[in-house]
Amino acid sequence: MMSKPKICSRCALPETFPGIRFDEEGVCNFCLEYKETAGGLAKKAEYQHKFEALIKENRGRGTYDALMCYSGGKDSTHTLAILKEKYGLGVLAVTVDNGFISEQATKNIRTVVENLAVDHIFFKPRFDVLARIFRHCASHDIYSRKSLERASSICTSCMAIVKYSTLRLALEKDIPMIVYGWSPGQSPVTSSIIKNNPRIVKMMQKSLYGPMYRIIGAEISPYFLEDKHFTSAYRFPYYVHPLAFLGYDEKAVYNNISRFGWTPPGDTDVNSTNCLLNSFANMVHKGRLGFHAYAYELSNLIRGGYLDRPAALARLERPENPQIISIVKEKLGIKP
Ligand SMILES: [Zn+2]
């Protein structure tokens with residue numbers, strides 16, 4: 001048995017996390033540098049106000065007011081309900097099916113969109129293309145070190161396809177905002193409303209499209225923007241992550257979404273309520289980099305007061321379900 005790595009006494013970051021240092025009390029530099037957001041509530045109110053102004057300005061501009069990136073997980077379900085019930089938006093919910101949405105999550109998606117009365121698209125990219133990317137990422141890290149501190153290569157690849165295929169759809173349908181259900185651990189308040197700048201989008205797309213293109217070539221092009229999308233014929237939507245400014249409490253989230261028939265899937269792991277691939281991606285990441293792909297996010301939640309440390313540690317220490325791992329390996333064609 002390897003000895004357990006030392007873990008920050010305040011958050012959940014281990015000594016194996018890149019760039020970490022500890023003081024005499026075992027507190028990490030990320031915790032020491034964390035700015036207690038004294039103006040936290042005021043900032044949240046400011047962003048909520050911004051969001052409401054954005055709605056006022058754009059409501060009714062196109063067929064839909066918002067495109068919701070809908071994974072079927074608890075946070076995106078909660079966010080979808082807020083858009084529809086609290087703000088009365090015309091929403092197009094879009095689920096990108098990576099081939100690993102759990103059976104219960106699929107049921108949840110259908111039930112929730114029916115009960116909330118929103119239009120929904122299941123977009124399923126070619127599985128052979130996705131499988132080639134995921135297989136490659138199972139043995140190589142293809143993105144920057146910085147991105148690997150926050151997510152595994154497999155999840156980053158999948159999210160890139162979600163992000164750019166939905167952006168493409170929003171541009172083509174002239175939808176003024178794209179909404180994500182990021183928890184405050186994934187998106188700080190100050191980056192919860194982003195006005196997209198085509199030049200920056202182009203640059204960011206390149207950093208994700210490039211590594212994937214090198215693996216499989218032009219077959220990934222349908223999931224990204226083309227040159228024509230960067231012309232003035234298209235209006236770039238805003239990105240909004242409402243949970244960052246509307247408040248976040250896991251218990252309240254579960255209570256709210258059970259009203260629409262959302263049932264916790266028993267067939268995924270503790271860090272994802274919708275995706276089986278997530279377990280495999282986490283296992284690969286931990287094995288290769290020595291820290292959990294969710295350590296950064298959960299530590300942010302601890303610092304923000306959204307999650308207590310023992311609960312976060314329990315989540316990070318729980319081993320992956322071997323049954324899920326073997327289902328994923330088999331579907332990807334990876335030998336056991
Ligand atoms: Zn810490």
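Analyst: The side chains of Asp97 and Lys124 form a salt bridge at 4.0 Å, N to O, where the term stands for a side-chain nitrogen of Lys or Arg within 4 Å of a carboxyl oxygen of Asp or Glu. This is a predicted model, in which local features need pLDDT of at least 70 and side-chain atom pairs count only at pLDDT 80 or more, while totals for chains, interfaces and linings use all residues. Residues are numbered from 1 along each chain as its sequence is written, and side-chain values use heavy atoms, with hydrogens and water left out.

User: Which parts does the pair of Asp97 and Lys124 tie together?

Analyst: Asp97 lies in the loop between strand E2 (91-96) and H4, and Lys124 in the loop between E3 and H5, so the bridge ties together parts that are 27 residues apart in sequence. Helices (H or I, at least four residues) and strands (E, at least two) are DSSP runs, numbered from the N terminus.

User: Is Asp97 buried or exposed?

Analyst: Asp97 is buried, with a relative accessible area of 16%, whereas Lys124 is partly exposed at 44%; buried means under 20% relative accessible area, exposed over 50%, and partly exposed in between, with a 1.4 Å probe and protein chains only.

User: What does Arg126 pair with?

Analyst: Arg126 meets Asp128 in a salt bridge at 2.6 Å, N to O, and Glu219 in another at 3.2 Å, N to O. The pair with Glu219 links distant parts of the chain, 93 residues apart, since Glu219 is in the loop between H8 and strand E6 (238-240) and Arg126 in the loop between E3 and H5.

User: How many salt bridges does the structure hold?

Analyst: The structure holds 17 salt bridges.

User: Switching to cysteines, how many disulfides are there?

Analyst: The count comes to zero disulfides, taking a disulfide as a pair of cysteine sulfur atoms within 2.5 Å. For Cys69, the nearest cysteine sulfur is that of Cys158, 11 Å away, and the sulfur of Cys137 is 9.9 Å from the closest one, in Cys155, which is too far for a bond.
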